[in-house]
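Please keep the sequence and the coordinates at hand.

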Protein chains: 8
Amino acid sequence: MTFEDLGHTKVDYDRESRNGYPEIIYGESKTAEQTAAIIEKLIQKHGRAMATRMSPEKAEEVLALHPNGAYKENSRLLIYGEPAVLYNGKIIIVSAGTSDLPVAEEAEWTAKWLGCETEIIHDVGVAGIDRLLSYRDVLQEASVVITVAGMEGALPSVVCGLVKRPVIAVPTSVGYGAHFDGLTPLLSMLSSCSSGMSVVNIDNGFGAAYQAAMILKLASEGASS
Amino acid sequence: MTFEDLGHTKVDYDRESRNGYPEIIYGESKTAEQTAAIIEKLIQKHGRAMATRMSPEKAEEVLALHPNGAYKENSRLLIYGEPAVLYNGKIIIVSAGTSDLPVAEEAEWTAKWLGCETEIIHDVGVAGIDRLLSYRDVLQEASVVITVAGMEGALPSVVCGLVKRPVIAVPTSVGYGAHFDGLTPLLSMLSSCSSGMSVVNIDNGFGAAYQAAMILKLASEGASS
Amino acid sequence: MTFEDLGHTKVDYDRESRNGYPEIIYGESKTAEQTAAIIEKLIQKHGRAMATRMSPEKAEEVLALHPNGAYKENSRLLIYGEPAVLYNGKIIIVSAGTSDLPVAEEAEWTAKWLGCETEIIHDVGVAGIDRLLSYRDVLQEASVVITVAGMEGALPSVVCGLVKRPVIAVPTSVGYGAHFDGLTPLLSMLSSCSSGMSVVNIDNGFGAAYQAAMILKLASEGASS
Amino acid sequence: MTFEDLGHTKVDYDRESRNGYPEIIYGESKTAEQTAAIIEKLIQKHGRAMATRMSPEKAEEVLALHPNGAYKENSRLLIYGEPAVLYNGKIIIVSAGTSDLPVAEEAEWTAKWLGCETEIIHDVGVAGIDRLLSYRDVLQEASVVITVAGMEGALPSVVCGLVKRPVIAVPTSVGYGAHFDGLTPLLSMLSSCSSGMSVVNIDNGFGAAYQAAMILKLASEGASS
Amino acid sequence: MTFEDLGHTKVDYDRESRNGYPEIIYGESKTAEQTAAIIEKLIQKHGRAMATRMSPEKAEEVLALHPNGAYKENSRLLIYGEPAVLYNGKIIIVSAGTSDLPVAEEAEWTAKWLGCETEIIHDVGVAGIDRLLSYRDVLQEASVVITVAGMEGALPSVVCGLVKRPVIAVPTSVGYGAHFDGLTPLLSMLSSCSSGMSVVNIDNGFGAAYQAAMILKLASEGASS
Amino acid sequence: MTFEDLGHTKVDYDRESRNGYPEIIYGESKTAEQTAAIIEKLIQKHGRAMATRMSPEKAEEVLALHPNGAYKENSRLLIYGEPAVLYNGKIIIVSAGTSDLPVAEEAEWTAKWLGCETEIIHDVGVAGIDRLLSYRDVLQEASVVITVAGMEGALPSVVCGLVKRPVIAVPTSVGYGAHFDGLTPLLSMLSSCSSGMSVVNIDNGFGAAYQAAMILKLASEGASS
Amino acid sequence: MTFEDLGHTKVDYDRESRNGYPEIIYGESKTAEQTAAIIEKLIQKHGRAMATRMSPEKAEEVLALHPNGAYKENSRLLIYGEPAVLYNGKIIIVSAGTSDLPVAEEAEWTAKWLGCETEIIHDVGVAGIDRLLSYRDVLQEASVVITVAGMEGALPSVVCGLVKRPVIAVPTSVGYGAHFDGLTPLLSMLSSCSSGMSVVNIDNGFGAAYQAAMILKLASEGASS
Amino acid sequence: MTFEDLGHTKVDYDRESRNGYPEIIYGESKTAEQTAAIIEKLIQKHGRAMATRMSPEKAEEVLALHPNGAYKENSRLLIYGEPAVLYNGKIIIVSAGTSDLPVAEEAEWTAKWLGCETEIIHDVGVAGIDRLLSYRDVLQEASVVITVAGMEGALPSVVCGLVKRPVIAVPTSVGYGAHFDGLTPLLSMLSSCSSGMSVVNIDNGFGAAYQAAMILKLASEGASS
């Protein structure tokens, strides 16, 4: 049986063998009951589970049913199972401003849960470029860099010009007016003049970390031709 | 008489006394005949004239009628009257990429024609930040900085963080796809995390230089309270 | 040490020497605790501090920790340190309608805090042009003009045609329907037929005042070539 | 028979009795043959005909078949039948810039053909407000005002504040960059702070004149309760 | 004195002589205190006053200070002074659906207050065209027709094809999804295939009625050449 | 073998058994050589072939290689194999204006080629509603109605209110300005107040006919439970 | 009498004879009183009634007045009258994710109420394609397929390639960031590479089911030529 | 010297040491002369060079000056220096349709030039899912997958659900109408329900390959902690 039908949801047990990781729950529009039911099945199957975009209230309801999880309030992640470092290399997460922290931490905890070592460099937006440049050597030690930026989203272009490794850019909804809830940094990151960079959805720290973990996994397992 | 009516156009003779500079012709959708007629009147009144966004063909037609002008092919400006430095201070124009040159030169020649000393720093986009940083001292000598950038438009945010003087940002239509003919750098410049910066229309090197010249003029004449 | 790392934030002590003014806090998405911690550091370093976009609740929390500040409710600014006039010249702030007042006052208080003399002319939108024209002489005494307008954003084009000095246009989110929360006056200001004008983000009275102060500072210090 | 079927087209003979004027041909995407066939039927029925948005080439082809028409090159109208003044009152067409002339003339010739007296005031954009204000008395004699403006589209707001009569605003595609082919003045006119104004499609001088003529007709015939 | 300065507002006393009607207050973003202060001045000057877009709470506060007004809850108008029919002719307001009623009533009460006779035809959207067609004769008695429609905004195109008089179209924010809060009917009305129609902002029943009243006034006073 | 690999293309031989019809070629961005190669394979397999969006030049090149086809210039279809009526029922195609003909004919020929009887009613846009209403009885005989309309796209809403059968709406790119190349009728059709209607892409007469043919096929074969 | 006028609403009694089904109430912006009044009339006329987009609070108010209805909380439908299977064939509703359930159930209950047999397949989004493929045989038994998907809206393209019957695609507002409340799946479904598919408005499960029911009705009644 | 100033361009010699690869020329808006000058410098420094987005005409001009290059007409790449396989692993490029070939080939040749082994799977769009599924085993041998798709851009979501390795999605401008030149697949890829995927700009096969090559390089060199 590759999946199990809970009525509202078909839990995809096969995902780990197909994609390398168990299914992770997109918590945004699911009820606490639905989320709890899926978590139960995932823990039975994989020994661990993770749900994203969980409000504090929903997390509390789920934790009442399955108490062994940890809720990360900033990043709205609900996590079951201890993270362990599985791969060589390190993911460095660079955030442009204090307000981008929740998205940066979503990336951080996702990467940890998926088996990666991480390091965060906070608040190094390009308005004071020397802050970023003081981390130039640190950045060059990363295997993958995740950049998290709202406003005009200029940070990943600069970072990408400083490193040899892939950069994954996450635009955030931090800004106002002509920023259009993150559309502006999204488009600016897609239009970057730097090579070596790709982009995920607005505020999608999870998605960036997921791909970064896949890259570390590949680097650890080695690519065969 | 504050203006003269040519039928198709009312030449605004009063503009110099109101705004500090003679009317400048927006050449885009005017015919060669209309443009030439306005130029004639402006030269009679002010001894000089300038038209923007002139195609080579239209410029040639106008020059056949009024031969003493100079056509700047890159920037599509048609200029009558020799530029002279009228003010203290210097406008530095910084462009992100080779392809942004025509807009940078529109700013350069406009500023010169309005009486300013200018300096251009070309092709210092943020993908190779060391190129820009090697001009750090030069930039700090500017009285006003004009930054010209297409793609993601990250350059002005970085430049603005390096200088004490006002920065005017010009987004350009250089780019493709998610760049939407300059909309993306326009929005990103408006959403900049740097303070001290304002923005003009896409490819509007002229407008940036015009305001920069006004600032230099103010600085030369002194602000009185 | 050019910056200090508070964990969530890297306070940019060097900004005053680079940009002429201390770092100013973008308060929108920071917690009261984060804001208070940064304010403490800025006051230690510079003897004063300012935070923008502070809700009354957050301001109250910060003031409980650092009581010597003043909260400007209309403009949502939290200010530590007395404004003093440092430069010659005057910034005139012109607002189109009664509803644009909060943004106009954000510009006013920012400019004051940065050392500028200011004057406000309220509610002179173009629907009754004689109100604006009655201030024609006053406007011509400005060193810089900041225009604040929602709806169709026509005011700066008219003002810009009346003065010799730079005009900085601030679109506001006052309007409805086809106004799209300020997008319409933003685009219309960028498309203005008047020369000498630049634009900042929607509701960004702060940004306009910051650049205006830089211009006054330049005019006071004099531009050197 | 209220309409006649030509295969490709159903000519609406009843329109004059329903709407007050014969059907007018939207020439943009019709072939010369289709246009000529409809013109023939309309002339048979009403003694006159008009087609809008006719390229010079298409107009020439149609005129070869029906030679008694007049082609207005600027406004791209093809007209059969002499205009005659049928109503009291006057439509004043006010255009912001030289480049808005073709749309202004489309309004002018449409209004004439529909039986109205017209007057055009060209190139009185708000960047030099005194030009417009010098026509203040003239404007107050209009029964209906049509304003034609590209760029930021500020003109109708100012005009509307000066007159007692209805103002119909026509945004034009004259501009570049953030002007988006007329979208910006369209939105700005819809968001106007002036009361008494309505808006038609971009470059739709025809539509403005059609409604203006209906208003003059009503005023001449008198409104009965 | 053509206007009076209340600090926050410059009351435009001259508007009646310039535009035919006293200034009407846009209530949306004004405080109750500001609104009440302006109402007081307008009543002193003109003997009556009107404010649009007043929430029930704000209206109650204002009525506590100036009790002689009437609040129209559906249309959010606050009215001082009895409407009286001043002109010949009739404005017919046609609404597409039950949910468009508030906007239709804003148009109705505005027109009444400005001196017009009105008639409303509710809920005759094009999905059941026979409902509309049963009012065909009634519609032809209108001097001006105001059509109010959300969803796809098809109603004014059909109505406009049935009458000889000007049609003013008001798109409403009634709809969901691809309707984008009224953007879709706004664009569809601007793109109408019917001649004789103009458009006002989304939900702007006030603006449509204002122009309709101006037309009735012109028709009553007669157009002179 | 369910498909054959031509290098540039994998011809999907299985499509007829899966979807009821052979693969049809989207001709827009394919070269004449690629198109001809696919046509050859499809004719070998199914005895017939069809390509959409073929320019006259490309069609000519393909016909030189495979001469037995017929090119429909208006609708840009290239057809191999004689249409035959395979199903009961009739598809009626209703177009709003003369300029919508090419899209209406794309629908017509596609439907014929797929085995359907068709009837076209041209130029019955809602500006002259009586033209459409004169076909009321005819419309009620349709099994499926395809409506084709540009401009404001009001036609399908009215048609859908007149019939018992499914209506498929096709917006066209006929219009200008606020029509945005068909975006406006697309959004207005999606926002329709009429029930029983669905929508396909702009100018996609092909897609509408394809679904209509599927419906006729189902009705002929009968639905089994 | 084809309709009855309730003042706020004209109940369209004729709709059943014209369109095959009684009028169904769009509940979104109607008051409980208006909704209850219309329900009363519809039950009197047709013996049953349905209202869409009813909030729980509004439904409760209406049920207090007309207690024999059933409220479907997920889908926000309020239903009077027992569904009965009237036609041959089956509508299969396929939803991409757990969060799309409410829209899928709106389609399900609407189809049932209109007389159709339905089957739902939940949570078979394309990220785990084997889940969908395991229903391949089931899908081929459908007479019509309704696909409901948020996020990128890829599901209908895949489903449509698997079946011989018409597919109606419903984009949902489930997603975030670049999803723009459903705009992205709406546009992606309209741009689908699969033939045989049409699209309804975002979250419009009702509209999809209505058209699907019409198709089943046609198939049951037979198409006559 | 980290860069050399050619006047129009500052060639970034340091890029190889910073980013792992020499600077690659964005050819779109550069003149043939500028391009040739940069190529000369890059070949002197690195022994090879590559320019993207070269029109055939421009490529011919450059090849006249520097004859040892190879022009790839489909992908518009101009390449100097023989590709050699430098890393373990393989990049598989999957394209949705025949028309996506040029972008797929830009990715292919870029990856080869950067030292990667590549394999292309053409024309496996989701409308015929069995074509894609027949490559399931092949796909699982990839180290990185690049998916290239226009229209609705559904392909990467399906592919990403089938593999353990990172997927980079490239939207293309192949489509029409609601596809908006690639905006629709861009947004749909960003909104994907599949984890492990990131996105680059529309038609940016180059950017996808560049990041893919960086990943292979990391995997070959090994990630160190």
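A residue is called buried when its relative accessible area is under 20%, exposed when over 50% and partly exposed in between (1.4 Å probe, protein chains only). The model is predicted, so local features need pLDDT of at least 70 and side-chain atom pairs count only at pLDDT 80 or more, whereas totals for chains, interfaces and linings use all residues. Residues are numbered from 1 along each chain as its sequence is written, and side-chain values use heavy atoms, with hydrogens and water left out.

In chain D, helix 8 (residues 183–190) has 8 of its 8 residues buried and is therefore largely enclosed by the rest of the structure. Among them are Leu183(D), Pro185(D) and Met189(D). Helices here are DSSP runs (H or I, at least four residues), numbered from the N terminus.

Contact is defined as heavy atoms within 4.5 Å. By this criterion, 24 residues of chain B are in contact with 24 residues of chain A. Between these chains about 2,000 Å² is buried, 67% of it from carbon and sulfur atoms; buried area is the accessible area (1.4 Å probe) that two parts lose on being put together, summed over both. On the side of chain B, Ala127(B), Glu152(B) and Ser191(B) lose the most area to chain A, together 25% of what that side buries.

There are 2 salt bridges between chain B and chain A, each a side-chain nitrogen of Lys or Arg within 4 Å of a carboxyl oxygen of Asp or Glu. Arg136(A) and Asp130(B) form a salt bridge through their side chains (2.7 Å, N to O). Chain A and chain D, by comparison, do not touch, and their nearest C-alpha atoms are 12 Å apart.

Definitions and conventions: Chains lettered and ligands numbered in written order. Helix = DSSP H or I, 4+ residues; strand = E, 2+ residues; numbered from the N terminus.
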